[in-house]
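Colleague: I am new to this structure and would like to learn how to read it. Could you take me through it feature by feature?

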Amino acid sequence: MSTPIKGRIHSTENFGTVDGPGVRFIVFAQGCRMRCQFCHNPDTWKIGSGGREVTTDEVLEEALKYRSYWGEKGGITVSGGEPLLQLDFLTDLFKKAKALGIHTTIDTCGKPFTREEPFFSEFNELMNYTDLLLFDIKHIDDEKHKELTSLGNENILEMAKYLSEIDKPVWIRHVLVPERSDYDEYLIRLDTFIKTLNNVDKVEVLPYHTMGKYKWDEMGLKYPLDGINPPTEDRVQNAKELLHTSDYTKHLTR
């Protein structure tokens with residue numbers, strides 16, 4: 001009898017409606033290397049501790065309780081934290097989900113990606129059971145990405161290129177943060193990059209919000225964006241226009 005594959009998760013959500021197509025069961029993985037200034041889940045940062053340890057069967061059993069609500073397009077989304085830090089767990093979960101005809105989605109920042117082994121082969125195995133990736137590009141400029149997240153974006157953009165190479169559907173997501181990413185110069189550069197990809201089904205602008213600040217306060221952490229308000233509706237609309245979000249409509253027909 002094979003040993004059950006376990007992972008660490010922070011929590012789950014039963015009726016997600018903004019984390020992929022349809023109604024989703026969302027698993028929030030524990031652990032992340034990035035330190036995004038706007039992170040609303042800093043309690044998921046710890047790697048190898050925190051959260052709760054579960055088997056893939058336990059997660060699937062919980063998810064299946066809500067399958068009747070998913071409709072034709074819903075399914076399971078694994079978010080984070082950063083799901084790609086737990087490839088074995090994710091692959092086993094999605095393999096079992098696909099055997100049951102369930103749509104699978106990963107919400108990732110792409111930071112763990114590398115073409116080096118053993119990650120690359122394991123990642124490709126995971127892609128065999130992944131229908132869609134919600135791909136978060138935090139900032140198009142490498143130096144500004146470091147300021148915003150503590151780490152660079154070179155391998156993140158490399159992952160975006162690779163997903164285009166293998167024609168794996170993605171929804172590009174970009175959090176619009178005043179005084180950080182909300183500058184026309186950067187939005188135009190991001191638009192130029194996205195245009196080089198052939199697998200983008202949707203582009204979303206996510207306005208920065210302060211709803212996660214209380215977690216920073218509870219954890220005794222200084223909130224880096226204190227005093228910065230969410231972007232105005234005009235700036236959100238401007239970002240959508242510069243990123244040509246209305247041009248990406250494949251998600252409507254899949």
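Predicted model: local features only at pLDDT ≥ 70, side-chain atom pairs only at ≥ 80, totals over all residues.

Colleague: Is Q86 buried or exposed?

Modeller: Burial is judged by relative accessible area, and the cut-off for buried is under 20%. Q86 has 14%, so it is buried.

Colleague: Which residues does Q86 touch, leaving aside those up to four places away in sequence?

Modeller: With those left out, Q86 touches G7, R8, A29 and Q30.

Colleague: How should I read the backbone?

Modeller: Most peptide bonds are trans, and most residues other than glycine have a negative phi.

Colleague: Which peptide bond is cis, with omega near 10 degrees?

Modeller: The bond from G80 to G81 is cis, with that omega. G81 is in the loop between β4 and α2. The bond from E117 to P118 is also cis, with omega near 5 degrees, and P118 is in the loop between β5 (103-108) and α3 (119-127).

Colleague: Which residue has a positive phi of about 70 degrees although it is not a glycine?

Modeller: That is E179, found in the loop between β7 (170-176) and α6 (184-194). Its relative accessible area is 51%, so E179 is exposed. H244, also not a glycine, has a positive phi near 50 degrees. H244 lies in the segment after α8 (233-242) and, because its relative accessibility is 33%, counts as partly exposed.

Colleague: How are aromatic rings described?

Modeller: A pair of aromatic rings is described by the distance of the centres and the angle of the planes.

Colleague: How many aromatic pairs does a search of the whole structure find?

Modeller: The search finds 13. In one of them, F15 and Y66, the ring centres are 5.7 Å apart and the planes are at 80 degrees, so the pair is edge-to-face. This pair links distant parts of the chain: F15 is in strand β1 (residues 6-16), Y66 is in the loop between α1 (56-64) and β4 (75-79), and 51 residues separate them. F15 counts as partly exposed because its relative accessibility is 41%.

Colleague: What about F113 and F120?

Modeller: Their ring centres are 6.3 Å apart and their planes are at 75 degrees, so they too are edge-to-face. F113 is buried because its relative accessibility is 2%; F120, at 17%, is buried as well. Both belong to one aromatic cluster, formed by F113, F119, F120, F123 and Y162.

Colleague: What sits over the ring of W171?

Modeller: The charged end of K202 sits there, 4.3 Å from the ring centre.

Colleague: Which residues touch the most other members of the largest nonpolar core?

Modeller: In that core of 69 residues they are I76, F94, F123 and I172. Not counting residues up to four places away in sequence, F94 touches I76, V78, T104, T105, I106, L126, Y129 and T130.

Colleague: And how do I read the protein as a whole?

Modeller: Its secondary structure comes to eight helices and eight strands. For 254 residues, a compact globule would have a radius of gyration near 18 Å, and the protein's 18 Å agrees. The C-alpha trace spans about 55 × 45 × 40 Å along its principal axes, and 52% of the residues count as buried. Among contacts between residues at least 6 apart in sequence, 76% join residues at least 24 apart.

Note on methods. Residues numbered from 1 in each chain as written. Heavy atoms only, no water. Core = buried A, V, L, I, M, F, W, Y, C linked by side-chain atoms within 4.5 Å. Buried < 20%, exposed > 50% of the residue type's maximum accessible area, 1.4 Å probe, protein only. Contact = heavy atoms within 4.5 Å. Phe/Tyr/Trp six-rings, centres within 6.5 Å; stacked < 30°, edge-to-face > 60°. Helix = DSSP H or I, 4+ residues; strand = E, 2+ residues; numbered from the N terminus. Lys NZ or Arg CZ within 6 Å of the ring centre and 35° of its normal. Rg over C-alpha atoms; globule rule 2.2 N^0.38 Å.
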